[in-house]
Amino acid sequence: MPRSPAFPPLFPALRSLCATAIASIAALSTPSHADIRVGIDVSTTGPAASIGIPSKNTVLMWPPTLGGQKAEYIVLDDGSDPAAAVRNVRKLISEEKVDVIVGPNITPTALAALDAVSEGETPMVALAASAAIIEPQTDPKRRWAFKMPQNDSHMATVLTEYMSNHGVRTVGFIGFADAYGESWWREFSKLAEIRKIRVVANERFSRNDTSVTGQVLKLMAANPDAILIAGAGTPSVLPQKTLGERGYKGKVYQTHGIATWEFLRVGGKDVEGTLFPTGPVVVARQLPDNHPVKRVALDFVTRYEAKYGPNTITQFAGDAWGAWQLLDDAARRALKTGAKPGTREFRHAMRDALETTTNLTIPNGVLNLNPRDHQGFDQRSRVMGVIRNGRFAYAGE
């Protein structure tokens, strides 16, 4: 008696349908996106909004591709809150399946995000300044962290050199009572000692403070030649305004964190004459023609101000544009490995490509990254600025 066929005659059709269904399910379950997905976390509300808004404005100008591949950008606001920044970063990694994070854009939020990006094996290009975000590189979680702004040590170097060259021998210091202020205190006090500048007072204030009268009276009692305010954004206006109200006549220095249009608007005449270190982009039009960054910086300034109006450029806008350039350069090389966006392999390829960036000129400097340096700027990344006639201007040497 002949054996019955193992399957009915319709099996070839069923097999084809099953194969199609299995392939469809596999495609849905495999985290492989055609686009490169970038998650952006910035502070567009809260005390750091004057920093985050120019960053977001720049993100809205980013070209729609990275490395020649279509890109998708997902922007979230953390409200200047570290806990919210961590929630946003975890959401971008676990739900949005991003290939890379840009931001956060202030030191406390960027530091808070380190665990999330390390656990998610997702590279983060922070828009915050402190070197603590990327150092020490022997810490495994910092292996995934990069950052755009100059290290505070870079800025403190040019600042103390300028002070010394212009006769400042004693300084009073007042900084944020957080990681930004502490980083600046550490770098500034070390370099001030080397340059024989004596720090005669050391005070702190919070980003949300409404009065710093007590701290200012202590600073003035020490009678320094100059006072350095180590803050960022509009909260940095308060100590300087209070100094003016109390009759302080010495020089006031600030850090590169003030280079926002909102700082000028809120500070008004109270911040006229302020000296500060800054990235080249802030004073691009006045840089000497032989400055190595001027052409790239000026190109971005022209485009940014065509969209947002005259005199709207900031350090933070320049950093955000530099972040796109950095990702574009890295993505081009990461894609050549054959790794597909949306996969663990591509995130690792992006991390490796970021770490080997060479001679990339962006609006605030020239980047050369390596396994020991995830920032990559040198002396071409900073100049001295001054607030003159309500505008940021180049202060010269």
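What is the volume of the largest pocket?

## Basis of the model

This is a predicted model, in which local features need pLDDT of at least 70, side-chain atom pairs count only at pLDDT 80 or more, and totals for chains, interfaces and linings use all residues. Residues are numbered from 1 along each chain as its sequence is written, and side-chain values use heavy atoms, with hydrogens and water left out.

## The largest pocket

The largest pocket has a volume of about 270 Å³. A pocket is an open set of points on a 1 Å grid over the protein atoms alone, where a 1.4 Å probe fits, with protein on both sides within 12 Å along at least five of seven lines; lining residues have an atom within 4 Å of a point. The volume is the space filled by probe spheres set on the points.

Of the 14 lining residues, V158, E161, R382, V383 and E397 are the closest to the centre. Helix α6 (152-165) and strand β14 (383-388) each supply at least two lining residues, and α6 gives the most, with four. Helices (H or I, at least four residues) and strands (E, at least two) are DSSP runs, numbered from the N terminus.

## The nonpolar cores

A nonpolar core is a set of buried (under 20% relative accessible area, 1.4 Å probe, protein chains only) Ala, Val, Leu, Ile, Met, Phe, Trp, Tyr and Cys residues joined through side-chain atoms within 4.5 Å. The largest has 58 residues, and V38, W62, V102, V125 and L327 have the most contacts inside it. Helix α12 (residues 315-335) contributes the most to this core, with nine residues.

A second, separate core has 41 residues, including A129, L159, L191 and A192.

Definitions and conventions
Buried means under 20% relative accessible area, exposed over 50%, partly exposed in between (1.4 Å probe, protein chains only).
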